[in-house]
Amino acid sequence: MTQAELLRYLVDTLDSLAIDYMIVGSHASIYYGEPRFTQDVNIVIELTPSALPGFLGQFPPTEFYVSEAAARDAVARTGQFNIIHGASGVKIDVFIGKDTEYDRLRFQRRHQLPLVPGREAYFARPEDVVLYKLLYFRQGGSDRHLRDIAGILAVSGPHLDIAYVLQWARRLGVLDLWEATQGR
């Protein structure tokens, strides 16, 4: 199974179960920016404890590895867990939506874009991808996040709502990092 096939399977599964989601991370960065290799799929979902068994049931252990305990813990703590397709090794990083003012707004702002021919999916907005990349850079320092931001600015920069980015960069404590990306 390729990343694209797994992503489509994931989106089809979430839609069939009426679980809200948005594609984030590298796939969203690539959509708005410059292409690059990525080893996993990152998605934020609104998963409740009651919906968890039905969701996990769509990833049978004969094809996928997923720790039910890790998934339950992630739902309880608004954390993350992984789903790995055994034959291909392709990984899905599943993030449970956080209940903060910014994360609720970010989720409300998501929008549908073409995923594959004939299929759309919900993606985080480019401004929110940039802001989360700044947050991740602050946490871990990986230059990959800054390269993704540079790619988004190069491709989608004229269409970004810079006032929104400035407002939330200030509120999220990453304004200094945002300003530093402007001098790159």
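A: Strand 2 and strand 5 (residues 91-96) pair in the parallel sense, over 6 bridges. Pairing here requires at least two DSSP bridges between two strands. Strands (E, at least two residues) and helices (H or I, at least four) are DSSP runs, numbered from the N terminus. The model is predicted: local features need pLDDT of at least 70, side-chain atom pairs count only at pLDDT 80 or more, and totals for chains, interfaces and linings use all residues. Residues are numbered from 1 along each chain as its sequence is written, and side-chain values use heavy atoms, with hydrogens and water left out.

Valine 44 has phenylalanine 95 of strand 5 as its bridge partner. Strand 2 also pairs with strand 1 (residues 21-24). That pairing is antiparallel and has 4 bridges. Valine 24 stands opposite asparagine 42 there.

Now the cover. Buried means under 20% relative accessible area, exposed over 50%, and partly exposed in between (1.4 Å probe, protein chains only). In a regular strand the side chains alternate between the two faces of the sheet. Asp40, Asn42 and Val44 are buried on one side of strand 2. Val41, Ile43 and Ile45 are buried on the other, so both faces are covered.

Helix 2 (residues 25-32) is largely enclosed by the rest of the structure, because 6 of its 8 residues are buried. These are Gly25, Ser26, His27, Ala28, Ser29 and Tyr32.
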